[in-house]
Amino acid sequence: QVQLKESGGGLVQPGGSLRLSCAASGSIFSISAMGWYRQAPGKQRELVATIRIGISTNYADSVKGRFTISRDSAKNTVYLQMNGLKPDDTAVYYCNANLKSSRWVVSSEYWGQGTQVTVSS
């Protein structure tokens, strides 16, 4: 059983900062990628940022230069530092991981339950 647990969401004023964390736990053999997605009311879930282990990071155009994704491999944890927040960043943020639970299975995708980020004055 694999679990992804997000934390760090909340209410912040425009221009403010938040740091999201997501810890993966349970039966984990290897992680190939982790990332953050978000879904605003009435909109589809969209990619925010991903980090592919040992290779690269990828950001949505709307967050480039403001958000930074990073990972602590020893803790199976991914972070999203969000600076210069805007009201349009308001959404539920979901953690995503592509991982293998054992050496004998193919990689599968897992999702956290989400954490609310609200940017408002």
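With which residue does Arg-38 form a salt bridge, and how far apart are the closest N and O atoms? The partner of Arg-38 is Glu-46, and the closest N and O atoms of the pair are 2.7 Å apart. A salt bridge is here a side-chain nitrogen of Lys or Arg within 4 Å of a carboxyl oxygen of Asp or Glu.

The model is predicted, so that local features need pLDDT of at least 70 and side-chain atom pairs count only at pLDDT 80 or more, whereas totals for chains, interfaces and linings use all residues. Residues are numbered from 1 along each chain as its sequence is written, and side-chain values use heavy atoms, with hydrogens and water left out.

The two ends of the first pair differ in their surroundings. Arg-38 is buried, at a relative accessible area of 7%, while Glu-46 is partly exposed at 38%. In these terms, buried means under 20% relative accessible area, exposed means over 50%, and partly exposed lies in between (1.4 Å probe, protein chains only). Arg-38 also forms a salt bridge with Asp-89, where the closest N and O atoms are 2.9 Å apart. Asp-89 lies in the loop between strand 8 (77-82) and strand 9 (91-100) and Arg-38 in strand 4 (residues 30-39), so this pair ties together parts that are 51 residues apart in sequence. Both Asp-89 and Arg-38 are buried. Strands, like helices, are DSSP runs numbered from the N terminus (E, at least two residues, for strands; H or I, at least four, for helices).

These contacts belong to a network of salt bridges that links Arg-38, Glu-46, Arg-66 and Asp-89. The structure has four salt bridges by this rule. One of them joins Asp-61 to Lys-64, with the closest N and O atoms 3.1 Å apart. Asp-61 counts as exposed, at 65% relative accessibility, and Lys-64 is partly exposed, with a relative accessible area of 49%.

In soluble globular proteins, nonpolar side chains tend to be buried together. A nonpolar core is defined as a set of buried Ala, Val, Leu, Ile, Met, Phe, Trp, Tyr and Cys residues joined through side-chain atoms within 4.5 Å. The largest such core here has 30 residues, and those with the most contacts inside it are Met-34, Trp-36, Leu-80, Met-82 and Tyr-93. The elements that give two or more residues to this core include strand 1 (2-7), strand 3 (18-26), strand 5 (46-52), strand 7 (67-72) and strand 11 (115-119). Strand 9 gives the most, with five residues. When neighbours within four places in sequence are left aside, Leu-80 is in contact (heavy atoms within 4.5 Å) with residues that include Leu-18, Leu-20, Trp-36, Val-48, Phe-67, Ile-69 and Tyr-93.

The structure holds one disulfide, a term for a pair of cysteine sulfur atoms within 2.5 Å. This disulfide joins Cys-22 to Cys-95, with an S to S distance of 2.0 Å. The pair links distant parts of the chain, as Cys-22 is in strand 3 and Cys-95 in strand 9, 73 residues apart. The torsion about the S-S bond of Cys-22 and Cys-95 is about -80°, so the disulfide is left-handed. Cys-22 and Cys-95 are both buried.

Aromatic rings supply further links. Rings of Phe, Tyr and Trp (its six-membered ring) pair if their centres lie within 6.5 Å; planes under 30 degrees apart count as stacked, over 60 as edge-to-face and the rest as tilted. The count by this rule is one aromatic pair. The rings of Tyr-37 and Trp-111 have centres 5.1 Å apart and planes at 65°, so the pair is edge-to-face. Tyr-37 in strand 4 and Trp-111 in strand 10 (residues 108-111) are 74 residues apart, and the pair links distant parts of the chain. Tyr-37 is buried, with a relative accessible area of 18%, whereas Trp-111 counts as partly exposed at 33%.

A charge sits over a ring if NZ of Lys or CZ of Arg is within 6 Å of the ring centre and within 35 degrees of the ring normal. The charged end of Arg-19 sits over the ring of Tyr-79, 4.0 Å from its centre, and that of Arg-45 sits over the ring of Tyr-94, 3.8 Å from its centre.
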